[in-house]
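Subject: The model we talked about

Hello,

Here is the structure I promised to pass on. Have it open while you read, and my notes follow below.

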Amino acid sequence: IGQLFMVAAVSDPTINTRFLEYTPYQMDQQYVESLITHYHVGGVIFLGSSTASNLSAMVKHFQSLSAIPLLIGLDGEWGAAMRVRDAVKWPYALTLGAITDTTLLYQLGRAIGAEYRALGIHINFAPVADINTNYDNPVIGYRSFGSDADNVTRAAIAIASGLRDAGIIVCAKHFPGYGDTAIDSHYALPVVAHTRERLDAIELQPFKHLIKAGIPAVMTAHIAVPALEPDGCPATLSHAIVTQLLKKELGFSGLIITDGLGMRAVTEGKEPGQVELEALLAGNDVLLCPVHVPQAIDRIKQAINDGRFSIAQLDEHVLKILEAKAEITDNTPAP
């Protein structure tokens, strides 16, 4: 069960004091170490700010504690510099979306991938496949390649191809499309109220093409989409969206990763460990940034005992995670 969890960490608390004050995640080193050694979590995502040397050293330290290699992740939409102070700061996605030469975009993805490999990072939570059609959106904005679905698709595929050829697991986000909302899911639940026909034509288009292109991972969004899930629950927690739409209808068989599970869009009114279980039951493979790991594991065990979740289902999720790790372990050195 522990392999399902990718927990949050910082590599240097001394340069993250303000960040650690307001984040919902417990990230002191001793606690993360206990999650690795006692609960055997499957991965770590580094948040906050870091230097390359501190990050690389902490990655090696955490890996040394784990019996099974950890899957190490980083949000790096404009390269490792999104989290690493002394890394190359590449342009934001909005600028990249104006570049028509896909060869340049591919080379950029490959260069970012080389940075990641040097740091010991395996998965980049990018590209952003959201289409920025709402200019009041407080979350997406310049993180999107633009407001045109074809252009977003073109840029996302080119950069993703470069990252993959550098040996990095690429994770497109935020499914089924977070571009047309004016609410930040860190604080409340956004609603995307379009019809299914509009979603197919705009929001879902980049994801459909990325899936056909072989994208290895997709991140689910903390947004309500009534046309896809009438009861209004967040997409991340929706069996109709994660399993029926993403896996069955669109045929995606790669890793499905939640957005951070400490955001209020999904935690509001939930007891400790409940949101992690609901995300798993919806069909997600990796539970990203869980807040209550021990309680979540207890709830998953209880769901197995009472028949809501089977050992066969658990094996299916864990096998996908282990296969992704084996591919990373076996891939070629960084270019």
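A word on terms before the details: a residue is called buried under 20% relative accessible area, exposed over 50%, and partly exposed in between, using a 1.4 Å probe and protein chains only. Helices (H or I, at least four residues) and strands (E, at least two) are DSSP runs numbered from the N terminus. Please keep in mind that this is a predicted model, where local features need pLDDT of at least 70, side-chain atom pairs count only at pLDDT 80 or more, and totals for chains, interfaces and linings use all residues. Residues are numbered from 1 along each chain as its sequence is written, and side-chain values use heavy atoms, with hydrogens and water left out.

**The sheet**

Let me start with strand β1, residues 5–9, where five of the five residues are buried. In a regular strand, side chains alternate between the two faces of the sheet. Here both faces are covered: Phe5, Val7 and Ala9 are buried on one side, and Met6 and Ala8 on the other.

Which strands does β1 pair with? Pairing requires that DSSP finds at least two bridges between two strands. β1 runs parallel to β2 (residues 43–46), joined to it by four bridges, and Val7 stands opposite Val44 there. β1 also pairs in the parallel sense with β8 (residues 287–288), over two bridges. In β8, Leu287 is opposite Phe5, while Leu288 is the bridge partner of Met6.

The whole sheet is open and has eight strands in the order β7-β6-β5-β4-β3-β2-β1-β8, with parallel pairing. Its edge strands, β7 (255–258) and β8, each pair on one side only.

Contact here means heavy atoms within 4.5 Å, and angles run from 0 to 180 degrees between N-to-C directions, with axes fitted as lines to C-alpha atoms, for helices over the stretch in contact. Helix α3 (residues 52–65) lies across β1, β2 and β3, at about 165 degrees to β2. Helix α12 (residues 293–305) touches β1 and β8, and its direction makes about 170 degrees with that of β1.

**Aromatic pairs**

Rings of Phe, Tyr and Trp (its six-membered ring) pair if their centres lie within 6.5 Å; planes under 30 degrees apart are stacked, over 60 edge-to-face, and the rest tilted. By this rule there are six aromatic pairs. One of them is Phe19 with Tyr22, which is edge-to-face because the planes stand at 85 degrees, with the centres 5.6 Å apart. Both residues sit in helix α1 (residues 17–22), three residues apart, about one turn of the helix. Phe19 is buried at 17% relative accessible area, whereas Tyr22 is exposed at 61%.

Trp78 and Tyr92 also pair edge-to-face, with 4.7 Å between centres and 90 degrees between planes. Trp78 is buried at 12%, and Tyr92 is partly exposed at 29%. Together with Tyr142 they form one aromatic cluster.

**Asn132**

Last, have a look at Asn132, in the loop between β4 (123–124) and α6 (149–165). Asn132 is buried, at 8% relative accessibility. Leaving aside neighbours within four places in sequence, its contacts include Asn137, Ile140, Ser144 and Gly179.

Happy browsing!
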